[in-house]
2 protein chains.
Amino acid sequence: MTKTAQMTIQAFLDALAARQSTPGGGGAAALAGAQAAALLSMVANFTLGNKKYAAVEAEMQGYLARSEALRQELLELVDRDAAAFDAVSACYAMPRGTEAEKAARTAALQEALQGAARVPLHTAEQCLAVLQLAEPLGSKGNANVVSDVATAVYLAVGALHSAIVNVNINLKFIRDQAFVEQFAARRDALLAEAAQAEAAAKAACRQTLGVDL
Amino acid sequence: MTKTAQMTIQAFLDALAARQSTPGGGGAAALAGAQAAALLSMVANFTLGNKKYAAVEAEMQGYLARSEALRQELLELVDRDAAAFDAVSACYAMPRGTEAEKAARTAALQEALQGAARVPLHTAEQCLAVLQLAEPLGSKGNANVVSDVATAVYLAVGALHSAIVNVNINLKFIRDQAFVEQFAARRDALLAEAAQAEAAAKAACRQTLGVDL
């Protein structure tokens with residue numbers, strides 16, 4: 001189990017609120033994404049074994065396996081986000097007395113910043129996967145709990161954009177322009193896919209529930 | 001401490017994913033709102049005691065007191081959401097053998113549904129308060145951590161809309177049309193205020209950071 005998994009909710013929120021950099025926004029985003037994935041698992045669990053949904057039993061098992069894997073991955077990303085940030089902090093503490101030390105510090109810092117951009121981008125990719133999974137669960141899941149798919153969609157969208165904030169703030173300090181441009185292109189493609197997945201998932205929930213949520 | 005506060009993150013996510021109605025989407029929304037409030041507290045904590053921000057020390061203390069109160073309230077709302085849902089479930093289990101039993105069951109159920117709509121509306125109101133607090137923290141907080149205000153904004157918006165899903169799904173089953181109309185008007189006013197607060201908070205972060213997040 002990860003470090004975060006073993007913390008109480010109170011201890012995690014206290015750590016988030018404290019004058020310490022980790023856990024921070026990237027970790028909060030990953031945890032919100034894990035909550036969204038867990039809600040999709042709940043909907044799958046309320047569909048499995050229900051006679052009315054026997055026709056989708058097999059595919060629902062597949063959706064549950066996927067949502068549980070995403071939940072686990074997003075929970076692990078809370079710890080990985082803190083580790084990536086701590087690596088950046090460690091570089092700031094490196095000596096810079098000589099020119100050689102300054103060069104070594106800058107190189108290490110630039111490397112660490114790339115890591116600190118990669119982790120929240122990965123978090124955003126997992127949130128996108130949650131959004132993409134919400135569409136089939138919204139259309140085929142137990143209609144009594146499909147409002148929880150809609151809830152998961154809103155949480156995953158919030159988590160995804162929170163993660164992207166942490167991508168952007170790290171990109172700002174990265175000097176390798178080729179890396180920055182390539183990374184920004186991946187981010188923009190991801191945001192476009194997320195907008196599509198969000199719309200498709202909401203349409204599925206609306207169709208199943210007969211109300212706009 | 002509340003029941004949820006004492007759970008480990010793993011146990012809470014497991015309960016969210018399980019084939020049981022509570023905790024559900026309303027609780028996940030309240031917890032995400034509490035995370036957003038905690039991030040605002042972190043920004044205030046990184047501003048207090050910093051010489052560069054001495055001029056805003058007193059007002060920052062006020063913002064911290066507010067964000068901490070909102071964090072506590074939102075965490076308590078996770079438990080209250082579950083209690084409101086359990087009250088509805090208890091009504092569904094009431095006997096309906098005689099006309100008198102049916103009438104008593106319907107009356108109790110309608111009462112419980114109003115409670116189950118009130119709790120997520122209250123959650124949404126607290127998320128709105130988080131958004132409103134993000135504007136002064138985004139413009140006056142320690143610029144080194146203002147990206148975490150932007151993160152908090154996205155999480156609070158996701159949490160607010162998730163809570164509203166749970167308002168809407170309960171309103172659907174409430175027969176008292178005067179209650180439904182009055183409640184829907186409150187919801188719509190809240191959503192309009194939230195859109196304004198979100199825009200103002202993002203503009204404040206953008207101004208402080210010099211980048212669009």
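**Close-up views of a predicted two-chain model**

**View 1. Salt bridge between B:E59 and B:K140.** In this predicted model, B:E59 and B:K140 form a salt bridge (a side-chain nitrogen of Lys or Arg within 4 Å of a carboxyl oxygen of Asp or Glu), their closest N and O atoms being 3.0 Å apart. Because B:E59 belongs to helix α4 of chain B and B:K140 to helix α5 of chain B, the pair ties together parts 81 residues apart in sequence; helices are DSSP runs of H or I with at least four residues, numbered from the N terminus. B:E59 is partly exposed at 30% relative accessibility, and B:K140 is partly exposed at 33%; buried means under 20% relative accessible area, exposed over 50%, and partly exposed in between (1.4 Å probe, protein chains only). Residues are numbered from 1 along each chain as its sequence is written, and chains are lettered from A and ligands numbered from 1 in the order in which they are written. Local features need pLDDT of at least 70, side-chain atom pairs count only at pLDDT 80 or more, and totals for chains, interfaces and linings use all residues, while side-chain values use heavy atoms, with hydrogens and water left out.

**View 2. Salt bridge between B:E99 and B:K102.** The side chains of these residues meet at 3.5 Å, N to O. Both lie in helix α5 of chain B, three residues apart, about one turn of the helix. B:E99 is exposed, with a relative accessible area of 61%, whereas B:K102 is partly exposed at 39%.

**View 3. Surroundings of B:N142.** This residue is found in the loop between α5 (99-140) and α6 of chain B and counts as buried at 6% relative accessibility. The side chain of B:N142 reaches the backbone oxygen of B:F46 at 2.9 Å. Beyond neighbours within four places in sequence, B:N142 is in contact (heavy atoms within 4.5 Å) with B:V43, B:F46, B:T47, B:N50 and B:Y53.

**View 4. Interface of chain B and chain A.** In this interface, 56 residues of chain B are in contact with 56 residues of chain A. The rule finds two salt bridges across the interface; A:R71 and B:D14 meet in a salt bridge at 2.9 Å, N to O. A network of salt bridges links A:D14, B:E68 and B:R71.

**View 5. Relation of the two copies.** A rotation of 180° with 0.0 Å of shift along its axis superposes chain B on chain A, with an RMSD of 0.0 Å (least squares on the C-alpha atoms of residues with pLDDT of at least 70 in both). The copies are thus related as by a two-fold rotation axis. In chain B, the C-alpha nearest the axis is that of B:T8, 1.9 Å from it.

Note on methods. Helices (H or I, at least four residues) and strands (E, at least two) are DSSP runs, numbered from the N terminus. A polar contact is a pair of N or O atoms within 3.5 Å; within protein, one must be able to donate a hydrogen and the other to accept it, and residues adjacent in sequence count only if both atoms are side-chain atoms.
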